[in-house]
Amino acid sequence: MPQTHHLGLALSYLSLAVDQLLAAEQASPVALFAGVECLEIQSQVSELGPEGVPAVAVVPPSDALALAADLLSLDGGAELDALAQQLRRLSRAVG
Amino acid sequence: MATSALDLLIALDTRLADLEATTMLPGSIPRVRQEWGALARASLQLLQARPRHPNDSARRLEALLNSLAAAPGDYPLPAPGTGLMAITATIGCTAEVMRVPAVASPTAREQAGEAIRTNLEAGLARVARWTQRGFLNAGAESEPEVARLAGSDTDPHRSPALQTWRIIGPTDPGIDGALSRWERAATETITSPRLVTQLALQLAAADIALVCASASAVMRNGADAGALSDSSAVCEALDSAGRAWREATRWPAELRLGGRASELRQASADLRHHLDGTLRTRGDWKRPDDMFAEVTAEQLVAVLHSGLQSAIRVGHQVAAAFDDLTHGASRVWLDASHTPRPGPVQRALDSGRYEWLPDPARFHSGEALVPASAEAIDRLVRATPLTIEALTAPATQPNPIDDEGPWETVQVVLDPLRAAQERALLAAIAPAEPQTHSIGL
C-alpha cells in the first residue's frame, strides 16, 4: 500500500513542475509535451488516494520531477516504479 | 478513412470518368431513368447542405433537379445498377460531410459553396451527356431536364476551403484517429459527473494547447517551405489560443474535483504520441523538409484543422463544465481552511479533521476558473478558420535563385490530364497503411 504522505509530496512536486512547464511564457515544445505528460502522471497518482497536498519549496521543473520520481520510488510497487522511471526521463528532457 | 469534401469531389471526378468509359445497354433505359431520380434527389441534398449565400445562383439547377427527383422512398434501388449509382453515392456522402458542423470564415464558406455548386453542375452535365448518347443509340428520348443539364458549360473549380469539412473516425490511422478517440474520451469524461476530475479538465485544456502549438508549427513550416501564404497572423492567433489554454490548466490550490479519468489519460497519451511522431524530432519541431517528407503541407494543415475543430468542441465542454462547477450543481471541493463557519460548526469540523468540504452553494468558488476557459475558447474559435484561409490565399514562393547561367530555359508543357492527376494526388489524404473506411462509397 503506498504511503499517502509520500504520494502527497510527490503530487506537490508534480503540480509545481506542471505549473512551470505549462506557463504561458514557455515557448519550447519540450516543455509543453512534458507538461501534458506530467499532468497525465499527476492524474494517475492522485487516483491512488492521497488526501493532503503539502506545500513545497519552489525548485526548477527538472528538480521537481526528479524529487517526485524519488518519492514514488519509495513505494517499491511496480506501477509507481514505472511512473518514477517516466518522471526521471522527463526530468532529463526538461533539464 | 478520413475524408474531406475535397477528397470526395476528386472521387466524383473519377466516378464520372468510369461512367463515361462505359456504354449504356439498350435494356437498361428504364433503370437509368430510375437512377436519375435518385441522383437528382442526392444532388438536391448536396445543394442544400453546402454553405449558401442569400443571393445564391443555383435556383435554375434546383428547379431542374426538383422536377427529376424521385420521391423519398423510391430508392435505394437494388443492385446491380449502372455507374450512376456510384456517382449518386459519392454525391450523397459529400452531402453528409457538408453537414458536419464546422467553424469556418465567411470567405471559406463562400468558396466551398461555390466549389460544390460548380462541381455538381459540371458533373451532372457529364452524366446527362452520357445519358443522351445512350438514349440516342437506343432510339429513345431523354427527359427535357436531362437535355438542359447536358447543355451546361460550368467550369468546375476546387477550393482548398473544402478541407474545412472533413470527417475523421476512431479507426483512422495516425493523428486523425488519435484525435477522434481523444475527442470522444474527453467529451465522455468531462460530461460525466462520475468521471470528471480536476485533472481531467486540466488535461483536456493542456491537450488543446498542444493541438494549437502543433497547428502553429505546421503553419510556420508550411510558409517557410513556400507551400502556404504568409502564416504570421495565423501562427500568432494559434499561439495566443495555446497560451490561453495553458492558462486554463491552472486551478487555485484551494479547489479540488475528484473522480477517475483513465480513458481520457490513455487517449491523451495516444494523441501526444502521434503528434510527437509526426511533427517532432529529438524534442523540437521537425524542419520543413522532414515534416513534409511523407505528407504535403496542405494535407497536414487539413489534419490539424480537423484537430482544431475537435478542440473547439472539447473546449466548449470544458468551458461548460467550469460554468457548471460555479453556477450549476456544483461538485467542486474547497479547502476547509477557506470556508469560514460559525464557531461551533468550525470546532466540530476541526475535531473531525475534515480537510476538504463541498463548496457551499453561495460561495461560487469555481468562479475564478470560468473567465480563463471562456477567453481560451474565444481565441481558439478566432484562430481556427485562419488555418484554412492560409491554404486558400496564394502561397508566397521563396525567392527564386538565379542559377540559370548560360543555359537556355525550356518550358515544360504539362499534359493537362497528368497535371490534374498530380494535383489530385497532392490534395488527397494518402493513407500511410491499409485503413478502415469510415465512409463507404
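Chain B carries 15 helices and seven strands, where helices (H or I, at least four residues) and strands (E, at least two) are DSSP runs numbered from the N terminus. The model is a predicted one, so to speak of local features takes a pLDDT of at least 70 and side-chain atom pairs count only at pLDDT 80 or more, while totals for chains, interfaces and linings use all residues. Residues are numbered from 1 along each chain as its sequence is written, and chains are lettered from A and ligands numbered from 1 in the order in which they are written.

Of the 441 residues in chain B, 46% are buried; a residue is buried if 20 or more other C-beta atoms lie within 10 Å of its own, exposed if 12 or fewer, and partly exposed in between, with C-beta atoms placed from the backbone. Among contacts in chain B with a separation of 6 or more, 86% join residues 24 or more positions apart, a contact being two C-beta atoms, placed from the backbone, within 7 Å.

One helix pair is worth a look. Helix α1 (residues 5–20) and helix α4 (residues 84–98) of chain B have axes that come within 9 Å and cross at roughly 170 degrees. Axes here are lines fitted to C-alpha atoms, for helices over the stretch in contact, and angles run from 0 to 180 degrees between N-to-C directions. That crossing makes α1(B) roughly antiparallel to α4(B), the word used for angles over 145 degrees. On the α1(B) side the contact includes L8(B), L12(B) and R15(B), and on the α4(B) side it includes I87(B), T90(B) and V97(B). By type, the residues of this contact divide into 14 nonpolar, two polar and one charged; Ala, Val, Leu, Ile, Met, Phe, Trp, Tyr, Cys and Pro count as nonpolar, Asp, Glu, Lys and Arg as charged, and the others, Gly among them, as polar.

Most residues other than glycine have a negative phi. D378(B), in helix α14 (residues 370–392) of chain B, counts as partly exposed, with 14 C-beta neighbours inside 10 Å.

As for the interface, 21 residues of chain A are in contact with 27 residues of chain B. Helix α2 (residues 29–46) of chain A gives the largest share of the chain A side, 13 residues. That side divides into ten nonpolar, six polar and five charged residues.

Definitions and conventions
Angles under 35 degrees count as roughly parallel, over 145 as roughly antiparallel, 65 to 115 as roughly perpendicular and the rest as oblique.
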